[in-house]
Amino acid sequence: MAFDALDVPSGVSKEPSYYASFLSGLSKVFLSIPRRHFEQVKEAIPVILSVLKATTSELDGEDTDSGDLFVRAISIADSIQTVCGKLVGRLNEKLRALLGLFVLQIMSLLCISMREKLSNCLTLLSQLSHFLPYCGLSYLGLLTGCDVDTIIGFVLRECTEDGDDYMSCFPYVKHGASLAVICGHMSNAIAQSAEEDLTVLKDALQSNQTKRWQAVGMLKHIFSSANLPWELKKHTINFLLWIMDGNLSTKCDDEVTDCPSYVPGLFASLQAIEMVIMYTPDVVLRKKAFDCFKKVLADIPASPRFDILKALIANSNSSSMTAILLDCVREEMHVENCQRISVGHDALLQAEKSCRSSLFWSEGVLDLVELILRPPKGGPPTLPEDGDAVLSALNLYRFVLITESTGKTNSTGVLSKNNLNKAYKEWLLPLRTLVTGIKAENKNDYDQIVVDMVCAFNPVELVLYRCIELVEEKLKQ
């Protein structure tokens, strides 16, 4: 039925206006289906969605025909809801689940098609949000992913032969789940249409760390999407800052035990926030995204937090971002060191034991320094490309060396003779040779770009020589 109505012969116009009448007619056809309602709707939805995706992907967000297509799609959703009302029991449940997926996918396509003109589609988003409570989709369930997994599971059970293939027509359904909540945060009218109270949502997230981790994991779909506009990513950052502001519940037993299962999602989410930090053209958004990054990181227990930072550094392709991550490690160590001084070493160890977490002052921090100063590929780092990361790694090494020496501790093993020799011979001396060689090679080149590059080496050279001096002093002792 749906394929016959929407399959367009070769050479025929495929403008939105061409499809609008078909979609309008289809909403009426659904109302007259006498039997096998789920099967008929299930067959039609992939075609409807492909039409929406194909005809709006290259249109401007202000295109009225594009908006009209979504109006017709919402009319189809209305018809499906009407059909649901005629069914009872399992027949009603599975068609409502399919309607939920349909609505979330349309919501994503609408936000993508409008690009930077989101204000043009608030009314349509409000109309789509009206379906959420009917489909059993709450903001909390959408943001944690629980409600999405439920309706996906329901539909998959009804598609025993082609479940995975069928779900491929809903590639943006998890984006839609997150967008539904973010749009509600953007507009009170949209939240009211979804019958949601954002204050209740905020309280639920702030009082439950696991749900916050789940929410952060879902929001990565917005941050990592190249198709969604920066305006939406800005609102998503604001939303995360909003829920992270205030007194957060940070239980130290059960939720830490559960944390490993959420680490992959948190890692992917932090990577997605990194993309916002690196690529947004908006300076204010970049600062807010970094604040958001630090708040999400701080909401993770110490042991997995260090592991996540280490993984982020190992997988970073940006020298500047690597430098920022290494500075985060140094900041964590500084805070922890201040705690050691203020509460006493024994008391901190007891707190560490009770929270089942390992802290940052461990041998792992030297692995991070080595990752930069002696990359896995061998040899010294590449300069000037890796200059920011190298400077940050040197600062981290100097900080650890001075702090351990001053405190007469060796938690990281930095003061052991083997590690001092390794740092001196494998990290610092090869780097000194590289830096002096580059400066000598460009000594008489007065091209402005070369001059700027050589000047950029000055901070690296300054910290490098200080590290060499410190290590030489320790080796003499």
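The following is a dialogue about how terms are applied to one predicted model.

Biologist: What is this model, and how are its residues numbered?
Modeller: It is a predicted model, in which local features need pLDDT of at least 70 and side-chain atom pairs count only at pLDDT 80 or more, while totals for chains, interfaces and linings use all residues. Residues are numbered from 1 along each chain as its sequence is written, and side-chain values use heavy atoms, with hydrogens and water left out.

Biologist: How many helices and strands does the protein chain have?
Modeller: The protein chain has 23 helices and 0 strands. Helices (H or I, at least four residues) and strands (E, at least two) are DSSP runs, numbered from the N terminus.

Biologist: Why is A393 called buried?
Modeller: Buried means under 20% relative accessible area, exposed over 50%, and partly exposed in between (1.4 Å probe, protein chains only). A393 has a relative accessible area of 0%, so A393 is buried. A393 sits in helix α21, residues 387-407.

Biologist: What makes L326 a contact of A393?
Modeller: Contact means heavy atoms within 4.5 Å. Leaving aside neighbours within four places in sequence, A393 is in contact with L326, V369, I372 and L373. For A393 and I372, the C-alpha atoms are 6.6 Å apart in space, and the two residues are 21 apart in sequence.

Biologist: What makes α20 mostly covered?
Modeller: In α20, 8 of the 10 residues are buried. Among them are V369, I372 and L373. Over the whole protein chain, buried residues make up 49% of the 477 residues.

Biologist: Why is S225 called buried, and where is S225 placed?
Modeller: The relative accessible area of S225 is 8%, so S225 counts as buried. S225 is placed in the loop between α13 (209-223) and α14 (230-244). Not counting residues up to four places away in sequence, S225 touches H175 and K233.

Biologist: What does the side chain of S225 reach, and at what distance?
Modeller: The side chain of S225 reaches the backbone nitrogen of L228 at 3.4 Å. A polar contact is a pair of N or O atoms within 3.5 Å; within protein, one must be able to donate a hydrogen and the other to accept it, and residues adjacent in sequence count only if both atoms are side-chain atoms.

Biologist: How do you know that C111 is in no disulfide?
Modeller: A disulfide is a covalent bond between the sulfur atoms of two cysteines. Here a disulfide is a pair of cysteine sulfur atoms within 2.5 Å. The structure holds 0 disulfides. For C84, the nearest cysteine sulfur is that of C135, 7.1 Å away, and C84 is in no disulfide. For C111, the nearest cysteine sulfur is that of C183, 4.3 Å away, and C111 is in no disulfide either.

Biologist: Why are C84 and C111 called buried?
Modeller: C84 has a relative accessible area of 0%, so C84 is buried. C111 is buried because its relative accessible area is 0%.

Biologist: What makes the phi of R36 and the phi of E195 worth a remark?
Modeller: Most residues other than glycine have a negative phi, and most peptide bonds are trans. Phi of R36 is near 50°, a positive value in a residue other than glycine. Phi of E195 is near 60°, also a positive value in a residue other than glycine.

Biologist: Which peptide bond is cis, from L383 to P384 or another, and what is its omega?
Modeller: The bond from L383 to P384 is cis, with omega near 10°. P384 is placed in the loop between α20 and α21.

Biologist: Why is I48 counted as buried?
Modeller: I48 has 0% relative accessibility, so I48 counts as buried. I48 is in helix α3. I48 and F22 are 26 residues apart in sequence, with their C-alpha atoms 9.8 Å apart in space.
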